[in-house]
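Please walk me through this structure. I would like the backbone, the packing and the chain contacts explained in turn.

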Amino acid sequence: MIEISDLAFSYGNNLVLKGISTTLEEGKIYGLLGENGVGKTTLLTLLCGLKKVQAGSILTDGENPFDRSASLLEKQYYLPDEVAPVNMRAGKFAREQGAFRKDYDHDKFLSLMEEFENDPSRKMSQMSAGQLKKTYLSFAIACNSKYLFLDEPTNGLDIPSKAQFRNAILKYTSDDSTIVISTHQVRDLENIIDPVIILDRRDVLLNASLQEIEEKLFFDYGNVLHPESLYSEQLPGGFIQVYPNTEGKESKTDIEALFNATHAHKDIIKGLFKK
Amino acid sequence: MDKKFNINRFGKYFLYDLKSRWSDLGIFFLIFALFPFILYLIYMIFATIGGGGLLELLYGGSVNGPSLPVRFAVFAVVTGVFVIVFPARAYGFITDKKAGSDWLMLPASRGEKFFSMMIICLVVIPVVYLIGYGLSDWLLCLLDKSCGDSIALTNVNRLSEDDSFHLVGNGIPLLLAWMVECISVFLLGSLIFKKWKTGYTIIALFAINAVLSTLFAFAMSNLDFSSVGDFIMNWMKNNAMKLDLHINLWLNALLILYIGGCGIWSWFRLKNQQH
């Protein structure tokens, strides 16, 4: 489990994160959403220990990630938005790096590479950005890490690869893994992320499971406008509207609409989800 | 301790590090280690075209290869350039966001990564370089007798006309000590500066020397020269029999302090490296 308490981080005078407190539980795929510059990548790099917490604390299984102990590094994998084009064949790279991780499964890596229609015998420095990303994604999943942090994993992927990525995450990751996916492309990951974390510059606006969201908010796909809507957007043939679910009706979460509703009514959403 | 430094994991990491450095530096290293042949080619081209060697060859004569003093001078310059340039090429990537993040996240402890880096930089590479260069030069002298004796088999003490000065172990320990000293400084520079690592390290060294020289001059201006001179003369008289030993001790202590200081600074630089 990852416990974040009163976390703060700034770049010089530019305060990026302040007073962030939340808990990331095992066996869940968290979708980390937020506007540009809100600190999603910063939070991921703090979680994996690439940055040092300036105030507050992060504890991963009771350890400070910035200590970068070998045991904790073995339990986690961080995939940045931009990856290094190593001058090595993909298969060799995976085998050599995987040797440091006891749960790494090279057969799984090869299966994933095949699913992504990627060639493991090809040099990574000669791959396109998308192919390189798919190689790293295959390796990240094949590590079978307890904690997997993915920063914009679908950036640079073509349309079929995005579907392959969703399948890979659902099919190949372990049930007790904690996966945190930071993304702007909510539609790419709509059916796999649960819970959803919406980050604001100074706060976690929302950290709730889809079930909780659907209990408290109603996503109306009808064609009649409701004045109590927290958010409404015209779609072909109707609207998508979000409003408090006072009648306990069932609906399916539209993450983009949820994000927009949360940003338009921060206090109302926080009040609704206060535990 | 096992958590921080595991000997099996260190062995595995050391081999991985060695292979990675060879893959990054192999060609660069070969250019330097095989420089006697490159020098020979350049020398012969110039000697044939510019030095009247062509006429010599036309009249059935021969052109002599580079002599021992020429090869010694080139060896000194090439070795100087090698120790200044290679640390940044070997480990400069650590400050790079993409490659550095990958390296920091590799499951090995800080101690294992640090000691591997130090052993490779301060022991493996200088020793292998000297052996490589010595072998190339020896082979060259074997193939073209006009080059004279090889550097490795020459007694350097015989080259000097000053009999009072004797280099222990044919000067190899001194050469290695000087190489390790330079590498320590330039390795530290490559971990501190993000760009123009070698250039900025040279500028920093100039700046430090300028400040120290100014401070030294300032201190000397406030000293009573006659009492300092008397003190030194008395000390030399009292320790006349062990003067060599004392000077060697001081120089070695200074060298260890210098290398140790750079090593400690490098350790803290790695410990606090963030991306």
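**A walk through the model**

Start with a loop. Glu152(A) sits in the loop between β6 (147–151) and α6 (159–172) of chain A. Helices (H or I, at least four residues) and strands (E, at least two) are DSSP runs, numbered from the N terminus. The model is predicted: local features need pLDDT of at least 70, side-chain atom pairs count only at pLDDT 80 or more, and totals for chains, interfaces and linings use all residues. Residues are numbered from 1 along each chain as its sequence is written, while chains are lettered from A and ligands numbered from 1 in the order in which they are written.

Glu152(A) has a phi near 45 degrees, a positive value in a residue other than glycine. Glu152(A) counts as buried, with 21 C-beta neighbours inside 10 Å. Buried means that 20 or more other C-beta atoms lie within 10 Å of the residue's own; exposed means 12 or fewer, and partly exposed is in between, with C-beta atoms placed from the backbone.

Arg68(A) also has a positive phi, of about 50 degrees, and is not a glycine. Its loop runs between β4 (55–60) and α2 (70–75) of chain A. Arg68(A) is buried, with 23 other C-beta atoms within 10 Å. Asp61(A) is placed in the loop between β4 and α2 of chain A. With 15 C-beta neighbours inside 10 Å, Asp61(A) is partly exposed. A separation of 17 Å lies between the C-alpha atoms of Asp61(A) and Asp175(A), which are 114 residues apart along the chain.

One peptide bond stands out for its geometry: from Asp194(A) to Pro195(A) it is cis, with omega near 10 degrees. Pro195(A) belongs to the loop between α7 (186–189) and β8 (196–200) of chain A.

Now step back to the whole of chain A. Its secondary structure comes to 10 helices and 12 strands. The radius of gyration of chain A is 20 Å, close to the 19 Å that the globule rule gives for 275 residues, so chain A is as compact as a globular protein of that length. That radius is taken over C-alpha atoms, and the rule is 2.2 Å times the number of residues to the power 0.38. The C-alpha trace of chain A spans about 60 × 45 × 35 Å along its principal axes. Of the 275 residues, 42% count as buried. Among contacts in chain A between residues at least 6 apart in sequence, 68% join residues at least 24 apart. Two residues are in contact if their C-beta atoms, placed from the backbone, lie within 7 Å.

Last comes the interface. 18 residues of chain B are in contact with 23 residues of chain A. On the chain B side, α1 (7–33) and α5 (97–105) each supply at least two residues. α5(B) gives the most, with six residues.
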